[in-house]
Amino acid sequence: MSMLIIIVGTLSCLFFLIHSKWQQEEVLQRFGTSLVTLLAQDNEVKYAIRSSQPAFLYMPIKRVRELDREDEISYLRISNNHAVMVEEKSPQINTITEEIPTIGKNQQCPETSLGNSITTTSGEVFCDFSVPVLEIQTFSEEEFAAQMLGEGNVIRKKAQPILGFVQIGLSHHKLEERIHKIIWQSIIPLGIFIVIGGIFTTFFLTRYLVSPLRRMASITLDIARGDFNRTVEIHSNDEIGQLSTNFNQMAQSLRGLCDEKEKIMAQLRENVQRLSLANTELEEAQERLVRTEKLAAIGKLASGIGHELRNPLGVMRNALFILKKRIKDTDALTDNQNLTQLTYILEKETERSVKIVNDLLAFSRTTKPTVSLTNIRSLLESSLSRLEIPEKIKKVMQFEDPLPLLYVDATQIEQVFINLVQNACDAMPTGGQLTIHAEKENDFLNVTFTDTGCGIPDTIKDKIFEPLFTTKPNGLGLGLAVSSSIIQRHGGCIDLKSKDGEGSTFTVKLPVAIT
């Protein structure tokens, strides 16, 4: 408020200063115009110029000087069309008269030049007023009769001849003195009065308006914190007093509402306790349901294991039986082709059985990884060396150099890589390209496995990581579930991008070791 009052006071003083300056300049203009016009229309001046007698100019100049009570005339010059007749200069100015331009015979029109500002080399500023002295126009009897009777063409008014010029210069020094006087006598006292009045107004508003409102705001904060016993002690008959009374009534109403709220909160706490007990019972029931589902899954898993292991083990038993029978027969030693075929069947079915058993064990066990500092590139090469990739599948390796080291369980991560590579090969039965790319991205190492196989439909993308879900005729549906579980235990994840008919990309993200 104080700053606003000071700004308003300053702007008011500035406006008053500008208005006063403009008013004083206008007074100076009117005063100069009156002096020069009075001197130019004086008959004695006209007679003196016409007769080239400077002595007749003494009295007109004296009358003009008497009108200049504040000595504002700095210079005065009267000239005819040939030369300067009279030239006077105030002793208070330092400018020589030769620096002031003279109005001479080159100006033939009777136009008045009033209020032109002139600045001399000494820095003094003058307001120059110059008017021509005109000859009195005589009017003949013939022209008067013609105009009165309306006969003949009206004789055009002839231009009045110029006898000479009157030039008066008023100094800006007196103008500045008056402006300074106005500043010190009017503007500065006005500004001081406005500022002092503003300070008193601010003090009044602060004492009787702002301070009560500030106390009320402080009490409002206390009430907001829960202290409803605070009241505003303001006793007056004005609006502030009425406001304090209403405020105290509001605080009393809030106390009642707070008590009612406490009762409601007590009831809510009792309801929450009952809901908590019900929630505990519900969680226990849910755990029982989950255990039941797990048992059902285990039963389903056991059924799958029995079904899947029965056939390969039966084949193995039959192959071993025939092999033993052939071995007993001495003639069977010569049948190398059949013996090799039976041995191959036995080896493949045994590997399949071992893989099923290993997947079941990995899925059922959630052992914590035994991590060590591992080179992923070496781990990928080791994983590929344990697989027999068909010749019709082209293998492309792209590794960023160098790859960062990771803290992982090498055995478990190798199992994940083998599962992903085997799935990619199974997705390309007629051949294709397998691309393995490894690079560091922020704080993770991304290893992508991209195939050009049949792809995965959108309808089953969300199910491929679920246990016992598979699209392979001879699959058990544990490979990707086991792989996802292993990567999650290492603090990473597996992302899938696939389009049906265009191949799939599995990205394994593992955190980089901080060294």
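Predicted model: local features only at pLDDT ≥ 70, side-chain atom pairs only at ≥ 80, totals over all residues.
**View 1. D42 and R63 form a salt bridge.** The closest N and O atoms of D42 and R63 are 2.7 Å apart. D42 counts as buried, at 16% relative accessibility, and R63 counts as partly exposed, at 33%. Together with E44, D42 and R63 are linked in a network of salt bridges. The structure holds 9 salt bridges.

**View 2. R65 and E88 meet through their side chains in a salt bridge.** The N to O distance is 3.0 Å. R65 is located in helix α3 and E88 in strand β2 (residues 84-89), so that the pair, 23 residues apart, links distant parts of the chain. R65 counts as partly exposed, with 27% relative accessibility; E88 also counts as partly exposed, with 29%.

**View 3. A salt bridge joins K509 and D495.** The closest N and O atoms of this pair are 3.4 Å apart. K509 is part of strand β12 (residues 503-511) and D495 of strand β11 (residues 493-499), 14 residues apart. K509 counts as partly exposed at 27% relative accessibility, and D495 is partly exposed at 31%.

**View 4. E400, D401, E439 and E441 form a negative surface patch.** One of these residues, D401, lies in the loop between β7 (393-399) and β8 (406-408). D401 has a relative accessible area of 68% and is therefore exposed, as the cut-off for this class is over 50%.

Terms used. Residues numbered from 1 in each chain as written. Heavy atoms only, no water. Patch = residues over 30% accessible without salt bridge, like charges linked within 9 Å, V, L, I, M, F, W, Y side chains within 5 Å. Areas by Shrake-Rupley, 256 points an atom, 1.4 Å probe, with all protein chains shown as cover. Salt bridge = Lys/Arg side-chain N within 4 Å of Asp/Glu carboxyl O. Lys, Arg positive; Asp, Glu negative; His and termini not counted. Charge placed at Lys NZ, Arg CZ, Asp CG, Glu CD. Helix = DSSP H or I, 4+ residues; strand = E, 2+ residues; numbered from the N terminus. Buried < 20%, exposed > 50% of the residue type's maximum accessible area, 1.4 Å probe, protein only.
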